[in-house]
Structure formats: C-alpha cells, structure tokens
Amino acid sequence: LIGDGKLGDSLYDPAAADLTLIPKLSKEALERAALPDAKVTRVSLNYSIIRYAGEGPEWTVFVERGKVGEDWQYKHVTFDTKGKFKRIS
C-alpha cells in the first residue's frame, strides 16, 4: 500500500502484465544498456516508488555483466506497460 490511499489505488489490473512483451523488452534493454557480455537477470512489473495519480505500473529490466567486487556493472531499463522505453538508471 502506497500512501494514505485505498488499497485499490496501489494495485494494477492483471491485464497490464502482458508477459508476451518480456522477450522484446529483454532484447531492447540489452541494446540500450550497451554493456558488453551482459545478460538480463530479472524483469519486474511494479509501480515506481514515486508516482502521480493515474500513472500505471512500469516494466523494469535488470541488465548485468561481470562479477561483484571485480568488474560488475548494471543498468535498469524501464518501459511502460505497452513496452515503450522510458529511461535507463
């Protein structure tokens, strides 16, 4: 539950979770992250921590390469529920 709102304000319609987008999102995330020898380690659909009324959930694709403590690099590539690119962090 986010904030003082109703539980329904923090839930998204399960139809928003179009799982068939995952291969497309993964491929695009790898291209946009531009990390050599990277792989997708996780894909999630959730609301961002800070959001405005009416904003839907976002897909976040986690791209990583290397080993932690050595040469590890990562990027989070975010898309809207339709698969439109939003940002890299």
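## Exercise 1: aromatic pairs

A search of the whole structure turns up 2 aromatic pairs (Phe, Tyr and Trp rings, Trp by its six-membered ring, with centres within 6.5 Å; planes under 30 degrees apart are stacked, over 60 edge-to-face, the rest tilted). This is a predicted model, where local features need pLDDT of at least 70, side-chain atom pairs count only at pLDDT 80 or more, and totals for chains, interfaces and linings use all residues. Residues are numbered from 1 along each chain as its sequence is written, and side-chain values use heavy atoms, leaving out hydrogens and water.

**Task.** Describe how Trp72 and Tyr74 pair, then how Phe79 and Phe85 do.

**Solution.** 
1. Trp72 and Tyr74 are stacked, at 4.8 Å centre to centre with 25 degrees between the planes.
2. Phe79 and Phe85 sit edge-to-face, at 6.1 Å centre to centre and 75 degrees between the planes.

## Exercise 2: buried or exposed?

**Task.** Classify Phe79 and Phe85 as buried (under 20% relative accessible area), exposed (over 50%) or partly exposed (in between; 1.4 Å probe, protein chains only).

**Solution.** 
1. Phe79 has a relative accessible area of 0%, so Phe79 is buried.
2. Phe85 has 26%, so Phe85 is partly exposed.

## Exercise 3: around Leu35

**Task.** Find which residues Leu35 is in contact with (heavy atoms within 4.5 Å), skipping neighbours within four places in sequence.

**Solution.**
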